[in-house]
Amino acid sequence: MSIAVLTQVYDEVRRLAIAGSVVAAGDFRLQKLIAPLEQAGAKAPVFAKAAQAVTALVESNEQTSSQALLELTTLVNAILYTQGETGLTGEIEPLETTDLGLQTTHVGAQVLKPLVEALTTAGSGRFETIQDGYNLGAFQDLRLVQPALRALDDAYSDIGYLLATTVLPQYGKAIYPQLKAAFNAKGKTTGHVRRLTLMYRLDPGSARPLVKQALQEGAKEMRVGAIECLGQETEDLPILLGHVDDRSIDVRRAVYQALAAINAPEAIAAIKKVLRSSDLELVTHAIYQHSIPEIVNAALEEAKSEFEVLLKSEDQKAFEANFTQFFGLLSCIGGGKYEIAEPFLLESFKQRDLLQSLGGHTGLVITRRICELLTECTAVTRQALFQAHETLESSLLMIAIQAAYKHLPPAEVFEIFSPHFTADLPQKKNLKDAVLTRRKTISEAIAGSCKWYYVPDEIPLIAPWDSRWLDLAVSARDLNFLRPLAVPGHAASNALISDSFNATLQKSRNFDNYMTTLALMIHVSHPETTDSFVKVLLHCASPKAKNLSGMHWIIDIIPRLPKSAAPQLEAVLPELHENARGKLFVAIGELTSKP
């Protein structure tokens with residue numbers, strides 16, 4: 001009891017130390033503690049001394065209160081330090097801990113603060129901040145675990161998906177209890193679905209009861225998430241089969257995705273049934289993805305039957321009525337995985353003219369899909385497509401040359417498709433237009449093989465084209481056709497590039513309109529590169545320019561110019577807009593420092 005009274009004195013002393021000793025005189029709270037202290041002092045003199053110190057403080061004035069408060073504080077602290085008790089009664093037991101399984105790190109506030117804000121607030125740019133933080137290893141800092149767990153409920157779905165699939169799995173089973181505590185099988189938010197799938201990923205055995213609960217009690221989104229967790233255990237098959245007739249399309253799609261991956265008689269029978277139903281479009285991707293032979297063969301047989309029905313269509317309306325089913329079956333075949341489809345694909349390809357005459361545009365859509373499967377299936381089917389190039393419609397010809405580019409030597413591609421350019425144009429207008437269309441198709445296919453960027457050292461070339469195409473591109477005066485073919489030192493192509501650049505420069509002051517041509521000049525080490533770039537500067541950054549549109553591209557491209565261009569660029573600086581000179585001067589400095 002005496003120590004308890006003394007603890008009260010200690011609390012009052014702390015209060016007075018904050019409020020100021022001048023208010024201690026006559027303090028009624030201290031006065032109430034004097035009598036208990038004097039009573040305790042009868043057995044322990046130190047408490048009597050404490051009572052005297054309290055009395056002195058209560059009876060003090062402005063001049064003596066500070067000294068009295070200091071003496072009482074010192075005395076109370078000394079008694080409590082020597083007479084007080086620490087700790088709890090009972091046996092000492094180890095605390096339950098969980099190993100995160102990774103090396104923790106302490107992230108600085110400069111990195112930690114933006115990450116915490118991105119995880120706990122709303123607004124744009126947060127996804128990139130979180131992704132960059134993960135790439136830097138910042139999420140190994142334990143201070144980010146709780147914000148990341150709470151952000152599973154983020155309204156921006158990409159953030160929740162990133163956390164559930166990439167960030168949080170690195171913590172392993174350590175976060176399972178917290179996921180379970182926050183999980184609600186009846187919850188309608190996406191965050192609960194993410195928790196369920198993440199728990200199953202971390203600990204399938206422990207999460208299985210929750211998956212079954214979600215499947216029975218959850219809303220549509222929760223049931224879809226639960227079904228996506230099933231399929232790996234034998235006992236899952238009856239559960240999945242029990243939901244093949246679910247009223248929800250999304251649930252049925254998830255069920256089919258799971259069943260299509262199970263090579264069991266019951267699952268195969270269920271998928272075969274779907275091949276003949278209106279749900280076919282829900283299962284095509286799953287069949288193609290998992291490609292169980294028996295299912296693919298069944299899809300192929302169904303496709304053959306539907307193809308016969310199409311060929312017997314009496315009019316275009318009847319043709320289109322069977323189109324969806326046949327097209328879905330084609331998507332199940334997976335040409336590159338089963339040679340058994342080769343005879344059917346070759347035969348259906350031979351019927352392309354009949355398909356287009358019966359179905360019009362719909363027939364052409366089917367023919368395109370058949371051609372795509374021919375490129376995936378075997379060398380025999382690809383060869384059949386290449387050999388028919390002279391009779392192919394332009395969109396089919398595009399597929400053929402793109403496939404040839406991937407599978408044939410460059411010289412052979414040129415031998416097959418170059419006659420479309422070298423042949424003389426017919427006199428009849430319709431024939432002439434057809435030839436010109438085919439030439440354009442091939443040039444666009446070649447141009448599309450290389451994606452161009454403004455920065456010339458970021459131009460990816462998949463594979464080389466035969467060098468003879470370059471001469472055809474020059475003769476066609478087609479710069480898009482020329483871009484993936486151009487090489488340094490080719491006089492004719494350099495002349496075409498110069499003409500194109502100058503013509504565009506005269507028509508427009510918009511930097512975007514001629515930047516790709518300038519990038520091409522740098523790519524092929526064009527002799528007029530520096531002069532052309534100076535023209536760009538004078539157009540885009542003249543003193544009369546109302547805005548400096550495109551300056552960021554100009555500044556970025558300067559260090560990629562020849563080092564010899566630096567003096568010429570420095571000489572033109574006084575003629576440019578004052579707001580551009582400083583930035584350009586820095587970029588020219590980078591060019592000058594090139595080795």
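Predicted model: local features only at pLDDT ≥ 70, side-chain atom pairs only at ≥ 80, totals over all residues.
Trainee: Let's take H3. What span is expected for this helix at 1.5 Å a residue?

Mentor: Helices here are DSSP runs (H or I, at least four residues), numbered from the N terminus. H3 covers residues 45-58, which is 14 residues. The expected span is 1.5 Å times one less than the number of residues. From first C-alpha to last, H3 reaches 20 Å, close to the expected 20 Å.

Trainee: Where do the buried residues of H3 sit, seen down the axis?

Mentor: Buried means under 20% relative accessible area, exposed means over 50%, and partly exposed is in between (1.4 Å probe, protein chains only). The buried ones are Phe47, Ala50, Ala51, Ala53, Val54, Leu57 and Val58. The arc is taken from the directions running from the helix axis to the C-beta atoms. For H3 the buried residues fall within an arc of 160°, so they line one face of the helix.

Trainee: On to H21. How far apart are its end C-alpha atoms?

Mentor: H21 has 16 residues, which should span 22 Å at 1.5 Å a residue. The model agrees with that, because the end C-alpha atoms are 23 Å apart.

Trainee: What covers the buried residues of H21?

Mentor: Among the buried residues of H21 are Leu364, Ile366, Ile370 and Leu373. The cover includes H17, H18, H19, H20, H22 and H23.

Trainee: Which residues of H22 make the contact with H21?

Mentor: Contact means heavy atoms within 4.5 Å. H21 brings Cys371, Leu374, Thr375 and Glu376. From H22 come Thr381, Arg382 and Leu385.

Trainee: Now H24 and H27. What is the angle between them?

Mentor: H24 is residues 410-417 and H27 is residues 468-476. Their axes are 10 Å apart, and they pack at an angle of about 40°.

Trainee: How many residues of that contact between H24 and H27 are charged?

Mentor: H24 gives Ala411, Val413, Phe414, Glu415 and Phe417, while H27 gives Arg468, Trp469 and Leu472. Ala, Val, Leu, Ile, Met, Phe, Trp, Tyr, Cys and Pro count as nonpolar, Asp, Glu, Lys and Arg as charged, and the others, Gly among them, as polar. The contact splits into six nonpolar, no polar and two charged.

Trainee: What is the phi of Ser291?

Mentor: Most residues other than glycine have a negative phi. Ser291 lies in the loop between H16 and H17, and at 10% relative accessibility it counts as buried. Although Ser291 is not a glycine, its phi is positive, at about 50°.

Trainee: Where is Arg477, which has a positive phi near 55°?

Mentor: Arg477 is likewise a residue other than glycine. Its place is in the loop between H27 and H28.

Trainee: Is Leu561 buried or exposed?

Mentor: Leu561 lies in the loop between H32 and H33. Leaving aside neighbours within four places in sequence, its contacts include Ile522, Phe533 and Leu591. At 1% relative accessibility, Leu561 counts as buried.

Trainee: Last one: how far is Pro147 from Thr120 in space?

Mentor: Pro147 lies in H7 and is in contact with Leu119 and Thr120, leaving aside neighbours within four places in sequence. Pro147 and Thr120 are 27 residues apart in sequence, yet C-alpha to C-alpha the distance is 6.6 Å.

Note on methods:
Residues numbered from 1 in each chain as written. Heavy atoms only, no water. Axes fitted to C-alpha atoms, helices over the stretch in contact; angles between N-to-C directions. Helix = DSSP H or I, 4+ residues; strand = E, 2+ residues; numbered from the N terminus.
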